[in-house]
Each structure stands twice: as C-alpha cells, then as structure tokens.
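Please keep the sequence and the model in view while reading.

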Amino acid sequence: RGARTVLSAVGLGSRNLESPEQEAAREEARLKIGQELAGVEESYVENLRAIMDQFIVPLQIKTDGGGMGWREVGGAPLPPKLCETLTVIQYLHQQHLSFCGELSSSIGQWPQLPYENRSVKNALSRLTSLLSGGYATYCGNYNDSLLAMKSFSKSNLEFKELLKNYRRKNNGKDLDDFLILPVQHVPRYKLLLEEMLSKTSPKHGDTAILRNAISKIEVALTKVNDMMRQTEQSRQIVSIQERLVGKVVPEMVGTTRKLVKTGRGELQRQGKRVDVTLFLFSDCLLAARDVEDGEEKEKKEKKEVEKGGKMKMKLLLSRGQLGCIVRDSGKSGSQFGFKPVPGSKNGEKTSTLPFTTDPKWGVYLETEQERDAWMDAIAQVVPSTSVAVASPVPSSPRGNPASIASPSTPSKFGSIARRRKANRP
C-alpha cells in the first residue's frame with residue numbers, strides 16, 4: 001500500500017501496478033467503448049440522412065446563382081427560422097458523415113496496433129469543433145423553428161400534407177421526433193467519452209483530448225438543457241392553444257411567453273359563476289371554461305381538463321392589467337379580482353392580446369393558501385411600471401382594504417364545496 005501511494009505521488013499511477021491480465025481487460029473494455037461510440041455515430045448519421053432525403057431535398061431548388069435555395073410550399077415561402085434549422089441539419093450531416101468515417105477507420109485499426117497508438121484524437125478534434133459551432137446554432141434556433149413549423153402547417157395545407165407523408169414513411173414518427181435527435185445525441189457523447197477516459201491511461205495521448213471534448217460537451221449540455229426547458233414551455237402553451245375554441249380564440253403561442261401557473265377556480269362575472277381553469281403566463285392571465293359546463297357534470301369536466309378537453313375563453317388580462325388585481329378582504333379570504341385605479345381604463349394595456357376585462361369580476365378558490373399562492377405568482381410577473389402596485393396586502397385608493405366582490409357589499413364567501421351543497425335542490 002505504501003509503494004502504491006509513493007508511485008501515485010510521483011505520477012506513475014495505478015496502471016504501472018496492474019497485472020498483465022488487468023491491463024488486457026482494461027484495454028479490451030476501451031476497445032468495446034470505442035466500437036460502441038462508432039456504432040452510435042453510424043446510427044445517428046443514418047437518421048440525419050433520412051431527414052435529408054425525405055424532407056430537406058424535396059424542399060430545395062437550384063437558384064440562379066447555381067446554389068441551392070428553398071422552394072415555396074403552397075405558394076408561400078418557408079418560415080425563415082425553419083430554413084435556418086434545416087440548413088444546420090445539412091451541415092451536421094456533412095460533418096458527422098466525415099466524423100463517423102474517421103472514427104470507424106481509427107477504431108477498426110485498434111486490434112492491430114499497440115496500446116499507445118490506439119487513438120481517436122483526430123476524430124475528436126472534429127467533434128469538439130462541431131459542439132462549439134453547429135450545435136450551438138442548432139440549439140439557439142430549435143424552439144423557434146418548431147413554433148414556426150406548427151404555425152405554418154396550420155395555415156398551409158400543402159405543408160401539412162408534406163408532414164403527413166413524412167410520418168407515413170417513418171412508421172408514424174413526426175418530423176419533430178427527428179429534429180430532436182441532435183439534442184438527444186449530445187448527452188450520449190458525454191457518457192461514452194467519460195467511460196473511455198476511465199479506461200485510458202493518464203499518460204496516453206488521448207487523455208487530454210478526451211478531457212477537452214468532455215468539457216466542450218458539458219458547455220453544450222447547458223445550452224441543451226436551457227433549450228429543452230423552453231421547448232417544454234412552448235409545448236405546454238401550444239397544447240393550451242389547441243384546446244381553446246369559440247368565436248374569440250386569442251393567439252397564446254409566443255417565442256417569449258412562459259407558463260407560470262395553472263389551477264382551478266370559479267369565475268364570477270355579471271352575477272354568474274362558472275368553473276374555470278386559470279392559466280398565468282409571463283405576460284397575461286387567461287381564464288377558460290370547459291366546453292361541457294354544469295354542476296352535474298363537474299367530475300366529468302375535471303377529467304376532461306386532465307385529458308386536455310376543449311375550453312372557451314372567459315377572461316384575458318394583459319401583463320400591465322395584472323397590476324390591478326387585488327385580494328379579497330373578507331373573512332374567507334379565498335378570492336382575488338380586478339380593481340382599476342383612478343385615472344386608468346381597465347388597467348394598462350401593454351399587449352396586442354384581445355381584452356375581455358370587466359371591473360366587476362372575481363375568482364373564487366378553495367382556500368386562502370391557494371389564493372395567496374396565486375397572488376404571489378401574479379406579483380412575480382407584474383411589471384415594475386404597472387399602474388397599480390401588487391403588494392402582499394393591497395389597499396384601495398383611500399387606504400382601506402380593497403374588496404372586489406361587490407363595490408357596496410361586504411365580502412361573505414364560503415368554500416366552493418359548501419356553496420354548491422347549499423345551492424342543490
């Protein structure tokens with residue numbers, strides 16, 4: 001044990017203390033990792049080729065200058081963000097085709113070479129260049145290109161049919177399933193290269209390049225994780241958008257909009273109360289009623305909401321108008337609502353969204369804790385320049401606690417369950 005400590009201290013490491021059998025086993029494991037890396041890369045290149053052959057090439061045309069451009073689909077040009085992503089796919093395919101060939105050739109020669117000459121240095125140099133270039137661009141455009149593609153497919157029947165044909169040719173897989181592949185591929189590099197590094201001697205020439213590649217992958221993974229969070233946010237908002245029906249359907253999908261909070265409550269407007277689902281975004285608040293309404297269908301409605309049933313918009317406030325939301329001062333404390341301040345007209349309008357604002361409305365929740373959680377979430381998205389201050393305990397202009405259930409009637413709200421029971425025949 002003392003000899004091992006001394007040898008490690010002077011940099012000889014554990015490799016010099018391995019038996020011939022242990023060294024042979026470690027080198028065999030390193031070879032298998034290299035072969036697995038080559039196999040994964042070959043499969044990845046095939047998937048990129050499928051995108052190229054079945055989707056990208058049919059959309060390309062020769063330009064007057066002799067280069068390649070994008071043809072119109074259904075008489076309309078492709079969205080620029082989608083074109084950028086498809087262009088990067090072409091670049092990644094070309095680069096990975098070269099990387100795959102070089103990697104497979106190098107690893108294929110390993111069994112005939114001594115250990116110190118078994119190297120993937122040249123191939124990994126190409127990979128690190130890709131990670132800091134092509135993948136950074138791809139991650140930056142990915143989310144916007146998906147939104148652009150979904151929007152374009154809704155308004156362009158020919159493009160929608162093109163996506164359907166692509167799905168039929170690929171066993172029901174959408175183009176989305178293939179466009180996510182570059183993003184999913186980066187973590188696999190990290191796992192395999194870390195394994196290879198663990199089986200590589202510190203004195204081997206690949207050690208430094210492996211550590212550099214892993215470092216570049218970790219930087220790329222940070223961007224990938226940020227992008228995946230944005231993509232998940234966008235998918236949630238797209239799902240909400242698809243559930244909205246009716247004469248007035250606001251456009252909820254936006255490149256900077258984020259979903260902050262969702263929940264159930266009751267909306268009171270013009271003397272009526274309806275069950276609604278609340279959606280708080282980073283720039284607006286949406287209240288929507290399930291299409292199947294009625295007290296006797298309450299359980300069924302809640303199940304439909306969980307499954308993604310259709311909804312109709314009942315209320316929509318801009319980010320500036322959220323500053324006019326106040327909490328109820330009644331004994332139950334389970335309500336919040338809208339109270340414009342003097343000199344404003346339904347709050348500050350800072351969005352192009354359609355407004356259905358009514359000063360006489362309120363949202364009823366089951367408990368004070370739910371109400372307070374909503375007020376805290378709303379306070380986080382209200383701009384500092386709002387016309388009203390969203391303080392923890394807001395007050396009316398005269399300094400008295402503000403109540404919005406009725407301008408002249410004190411608040412007396414019971415729990416939702418108790419009110420429903422009392423109202424039943």
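F152 is located in helix α5, where helices are DSSP runs of H or I with at least four residues and strands are runs of E with at least two, both numbered from the N terminus. The model is a predicted one, in which local features need pLDDT of at least 70 and side-chain atom pairs count only at pLDDT 80 or more, while totals for chains, interfaces and linings use all residues. Residues are numbered from 1 along each chain as its sequence is written, and side-chain values use heavy atoms, with hydrogens and water left out.

With a relative accessibility of 9%, F152 counts as buried, because this word applies under 20% relative accessible area, with exposed meaning over 50% and partly exposed the range in between (1.4 Å probe, protein chains only). Beyond its neighbours within four places in sequence, F152 is in contact with V73, A76, P77, L78, P79 and F159, a contact being heavy atoms within 4.5 Å. V73 is 79 residues away from F152 along the chain, yet their C-alpha atoms are separated by 9.9 Å.

F152 also belongs to a cluster in which ring pairs link F55, F152, F159, Y166 and F178. Rings of Phe, Tyr and Trp (its six-membered ring) pair if their centres lie within 6.5 Å; planes under 30 degrees apart are stacked, those over 60 are edge-to-face, and the rest are tilted. The whole structure holds six aromatic pairs. One of them joins Y138 and Y142 in a tilted arrangement, with 6.0 Å from centre to centre and 40° between the planes. Both tyrosines lie in helix α5, four residues apart, which is about one turn of the helix.

Rolling a probe the size of a water molecule over the atoms shows where empty space is left. The search works on a 1 Å grid over the protein atoms alone: a cavity is a set of points where a 1.4 Å probe fits but cannot get out, a pocket is an open set with protein on both sides within 12 Å along at least five of seven lines, and lining residues have an atom within 4 Å of a point. Grid points are joined across faces, edges and corners, and a volume is the space filled by probe spheres set on the points.

One cavity of 30 Å³ or more is found in the whole structure. The largest cavity contains about 40 Å³ of space. By class, three lining residues are nonpolar, three polar and two charged; Ala, Val, Leu, Ile, Met, Phe, Trp, Tyr, Cys and Pro count as nonpolar, Asp, Glu, Lys and Arg as charged, and the others, Gly among them, as polar.

The second largest pocket has a volume of about 300 Å³. Two or more of its lining residues come from each of α5, α6 and α7. The lining has eight charged residues, three nonpolar and one polar.

The loop between α6 (157–169) and α7 (175–179) contains N171. Although N171 is not a glycine, its phi is positive, at about 55°. N171 is exposed, with a relative accessible area of 77%.

In helix α9 lies N225, which is partly exposed at 41% relative accessible area. N225 and V183 are 42 residues apart in sequence and 9.1 Å apart in space, C-alpha to C-alpha. In strand β5 (residues 272–281), V274 is buried at 17%. Between V274 and Y364, 90 residues apart in sequence, the C-alpha to C-alpha distance is 9.9 Å.

Across the protein chain there are 12 helices and 10 strands. Of its 425 residues, 45% count as buried. Among contacts between residues at least 6 apart in sequence, 71% join residues at least 24 apart.
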